[in-house]
Amino acid sequence: MSKDKKGVKLEHISKIYKDPKTGKDFYAVKDTTLEIKPGSFVTLLGPSGCGKTTTLRMIAGFESPDEGEIYLCDEAINELTPNKRDTAMVFQSYALLPHYNVFDNVAYGLKLRKVPKDEIKEKVMKILDLVELSGMEGRMTNQLSGGQQQRVALARALVLEPSVLLFDEPLSNLDAKLRVSMRTEIRRIQQEVGITAIYVTHDQSEAMALSDEIIIMEKGIVAQKGTPEEIYYHPINEFVADFIGEANFLTGKVVSVDDKYAELEIENEKVKVMKKDGMNVGEDAKIVLRPEGGFLSDNRGIECEVVLSCFMGAYQNYHVKVGDTIVKLADYNPNIENVYKVGDKCKLAFEPESVHVL
């Protein structure tokens with residue numbers, strides 16, 4: 001697959017549906033503008049009903065936008081049917097043809113395009129090798145495991161040599177262990193082929209493992225777009241922080257600000273955080289503390305009480321009470337002599353760089 005890589009652009013895309021209960025129109029996707037770089041792996045992530053699958057289906061051509069335009073490279077594709085677009089979709093249900101063997105499932109799209117027989121054989125065998133199914137071309141799909149069926153579905157999409165590969169929650173029918181190994185495979189194949197990939201999931205760890213960029217959607221709009229690191233460490237709001245990973249939220253009053261740091265007062269204790277633009281003395285500020293970003297101390301930090309202390313092998317899992325707020329912590333270097341027990345009074349501490357001000 002040595003064709004030029006193509007990106008995708010969405011310009012002010014909206015999709016309006018009618019609510020069957022109320023009969024009123026609502027925006028499933030509202031005024032969304034996105035640019036997906038050629039050759040990148042981008043994940044649309046969010047809870048059910050946030051608009052991610054509708055967005056994917058509009059790119060594929062299974063839904064038409066009510067407003068806005070979709071471009072593949074610089075070509076407007078709103079008017080093109082799915083089979084005329086330079087895209088291919090891998091479905092959640094695999095959508096394999098049960099009465100065809102593996103070879104014929106993968107070859108199906110090429111036969112529809114009237115590709116010569118010899119060329120079909122060469123392309124299919126090459127793709128089966130890429131997805132590590134060589135030697136299984138004669139098997140019927142009902143003789144395959146879930147993971148193997150998913151590979152056939154992937155091969156069938158790839159063999160058409162699309163510029164953009166679309167994934168609609170492709171691993172949700174697999175068990176947890178197989179999901180992890182299959183997402184590694186999908187990423188390997190995408191990088192090997194160099195194809196642009198747009199992937200829909202509600203599984204945050206899947207999004208983190210696969211993506212160059214993550215687009216978090218909430219109620220039909222894009223809440224934040226960025227690398228996994230940017231979204232994890234610098235969430236734009238409480239929804240994003242809470243959706244990606246575990247997050248604790250603490251509110252304090254700004255008591256001082258300098259060039260680099262701000263000092264907050266939380267539960268009558270002063271703590272230092274990295275300054276955010278526009279912070280002013282006297283106002284409230286909310287911080288995001290990831291479980292691995294804090295630690296317990298005897299002599300510095302915010303007073304707290306341990307309400308859960310649980311050994312998890314690689315880390316000690318703590319829940320501590322700060323005022324009326326429960327804060328979850330993961331201590332990855334628990335010293336056996338210094339493990340805090342339920343009921344212990346101690347202090348919650350963190351480095352200024354370990355928290356993010358919303």
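Reply: Strand 20 is the element that gives the most to the lining of the second largest pocket, with 3 residues. The model is a predicted one, and what follows was computed from its atoms.

Strand 20 covers 355-357, and together with helix 7 (228-233) it is one of the elements that each supply at least two residues of this lining. In total, 15 residues line the second largest pocket. Those nearest its centre are Tyr-233, His-234, Glu-353, Val-355 and His-356. The space inside comes to about 250 Å³. By class, the lining residues divide into 6 nonpolar, 4 polar and 5 charged.

The chain is divided into domain 1, residues 8-242, and domain 2, residues 246-357. Each of these domains contributes at least three residues to the lining of the second largest pocket. The C-alpha centres of domain 1 and domain 2 are 39 Å apart. Contact between the domains involves 8 residues of domain 1 and 7 residues of domain 2.

The largest pocket can be set beside it. Its space is about 480 Å³. Of its 18 lining residues, Thr-87, Ala-88, Met-89, Arg-113 and Leu-160 are the closest to the centre. Strand 6 (87-90), helix 2 (102-112) and helix 4 (146-158) each provide at least two residues of that lining. The class make-up of the lining of the largest pocket is 13 nonpolar, 3 polar and 2 charged residues.

Helix 4 is also where Gln-150 is found. Gln-150 counts as buried because its relative accessibility is 1%, and the cut-off for buried is under 20%. Leaving aside residues up to four places away in sequence, Gln-150 touches Val-90, Phe-91, Tyr-94, Pro-170, Leu-171 and Met-182.

The cysteines can be taken next. A disulfide is a covalent bond between the sulfur atoms of two cysteines. In this model the count of disulfides is 0. Cys-346 is in no disulfide, and the nearest cysteine sulfur, that of Cys-304, lies 3.8 Å away. Cys-73, at 38% relative accessibility, counts as partly exposed.

Last, the chain as a whole. It holds 8 helices and 20 strands. Its C-alpha atoms fill a box of roughly 75 × 50 × 45 Å along the principal axes. The chain has 358 residues, of which 46% count as buried. Among contacts between residues at least 6 apart in sequence, 66% join residues at least 24 apart.

To return to the part asked about: the second largest pocket has a lining that draws on both domain 1 and domain 2, with strand 20 as the element that gives the most.

How values were computed
Residues are numbered from 1 along each chain as its sequence is written. This is a predicted model: local features need pLDDT of at least 70, side-chain atom pairs count only at pLDDT 80 or more; totals for chains, interfaces and linings use all residues. Side-chain values use heavy atoms; hydrogens and water are left out. On a 1 Å grid over the protein atoms alone, a cavity is a set of points where a 1.4 Å probe fits but cannot get out, and a pocket is an open set with protein on both sides within 12 Å along at least five of seven lines; lining residues have an atom within 4 Å of a point. Grid points are joined across faces, edges and corners, and a volume is the space filled by probe spheres set on the points. Helices (H or I, at least four residues) and strands (E, at least two) are DSSP runs, numbered from the N terminus. Ala, Val, Leu, Ile, Met, Phe, Trp, Tyr, Cys and Pro count as nonpolar, Asp, Glu, Lys and Arg as charged, and the others, Gly among them, as polar. Domain bounds come from an automatic or database domain assignment. Buried means under 20% relative accessible area, exposed over 50%, partly exposed in between (1.4 Å probe, protein chains only). Contact means heavy atoms within 4.5 Å. A disulfide is a pair of cysteine sulfur atoms within 2.5 Å.
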